[in-house]
Amino acid sequence: MYDQYDVIATEYARAFPDDFASRPFERAVIRAFADLVQQSGGDHVLDVGCGPGQATAQLGAAGHRVDAVDGSPAMVSLARQRHPDAGYRVADMFSLPYPDGTFAGVCSWYSIIHTPADRLAVLFAEFGRVLTEPGWLLLGFQTEAPPLVFDEAFGHKVDMTFLRHDIGAVHEALLATGFTVHVTSKRERLHHLNETAAQAFIIAHRGPIR
């Protein structure tokens, strides 16, 4: 899948220069996550599946030290150019190149959209591995719609399937890997932004909250 993003990276970044500018609710979600990390005594967060760095920039603006990873070298290059204050690596999110307990927070902003439901627990276990205790996890994903399949994007031939996860299934995978769900929110799709699914946001934590 990562190679598909290499093909469309430049056009994707041009088409979505700042998704948060037109989505104030999402800005508030990111800020709430950042505040929870800070209140627990942390200041170092990881943006997993960073793409061109929109969420990376929001986390940095909230006052955190940010590292970011993506499996697409082209996306990482664009994110580094746009938001050079973060640290970047090209990496598979199922095998994060960091020691246990490195981060106080992990942000997975629409990066589980290619992960089948039966693989979510494996992924969340890896997220939990790199978290401190307490450690916070933010998930953003689409929900309540069938998968979206593309064979063309931005004038390029691609093979991409975007999964819309059931919120209950995500909760189950989190609980199975030692997370406690702190808050869940759902926003209906915005027709004026051509959204095709509702949007879900979950903040969870591992370990007791300070």
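Biologist: Helix 2 and helix 3 make a right-handed crossing. What makes the crossing of helix 2 and helix 3 right-handed?

Modeller: A crossing is right-handed if the near helix is turned clockwise from the far one by less than a right angle, and left-handed if anticlockwise. Helix 2 and helix 3 cross in the right-handed sense. Some ground rules now. This is a predicted model: local features need pLDDT of at least 70, side-chain atom pairs count only at pLDDT 80 or more, and totals for chains, interfaces and linings use all residues. Residues are numbered from 1 along each chain as its sequence is written, and side-chain values use heavy atoms, with hydrogens and water left out.

Biologist: Why are helix 2 and helix 3 called oblique?

Modeller: Their packing angle is about 50 degrees, with the axes (lines fitted to C-alpha atoms, for helices over the stretch in contact; angles from 0 to 180 degrees between N-to-C directions) 10 Å apart. Under 35 degrees counts as roughly parallel, over 145 as roughly antiparallel, 65 to 115 as roughly perpendicular, and the rest as oblique. The angle of about 50 degrees is among the rest, so helix 2 and helix 3 are oblique to each other.

Biologist: Which residues make the contact between helix 2 and helix 3?

Modeller: Helix 2 supplies Arg 27, Ile 30, Arg 31 and Phe 33. Helix 3 supplies Ala 55, Gln 58, Leu 59 and Ala 61. Contact means heavy atoms within 4.5 Å.

Biologist: What makes helix 3 a helix?

Modeller: Helices are DSSP runs (H or I, at least four residues; strands are E, at least two), numbered from the N terminus. Helix 3 spans residues 54-61. Gly 63 follows helix 3, with a positive phi near 100 degrees.

Biologist: Thr 56 lies in helix 3. Why is Thr 56 called buried?

Modeller: Buried means under 20% relative accessible area, exposed over 50%, partly exposed in between (1.4 Å probe, protein chains only). Thr 56 has 3%, so Thr 56 is buried. Gln 54, Ala 55, Gln 58 and Leu 59 of helix 3 are buried too.

Biologist: What makes the pair Thr 56 and Asp 47 a polar contact?

Modeller: Their side chains are joined at 2.6 Å. A polar contact is a pair of N or O atoms within 3.5 Å; within protein, one must be able to donate a hydrogen and the other to accept it, and residues adjacent in sequence count only if both atoms are side-chain atoms. The distance of 2.6 Å is within that limit. Beyond four places in sequence, Thr 56 also meets Cys 50, Val 66, Ala 68, Ala 86 and Tyr 88.

Biologist: What makes a group of residues a nonpolar core?

Modeller: The members are buried Ala, Val, Leu, Ile, Met, Phe, Trp, Tyr and Cys residues joined through side-chain atoms within 4.5 Å. The largest such core here has 35 residues, and Ile 30, Phe 33, Cys 107, Trp 109 and Leu 138 touch the most other members. Helix 2 (residues 24-39) gives this core its largest share, five residues. A second, separate core has 27 residues, among them Val 48, Val 106, Leu 120 and Ala 204.

Biologist: How do you know that helix 5 is oblique to helix 6?

Modeller: Their axes come within 8 Å and cross at roughly 50 degrees. That angle makes helix 5 oblique to helix 6. The crossing is right-handed. Leu 120, Ala 121 and Phe 124 of helix 5 meet Val 170, Ala 173 and Leu 174 of helix 6.

Biologist: What joins Glu 133 and Pro 134?

Modeller: A cis peptide bond, with omega about -5 degrees. Pro 134 lies in strand 5 (residues 131-143).
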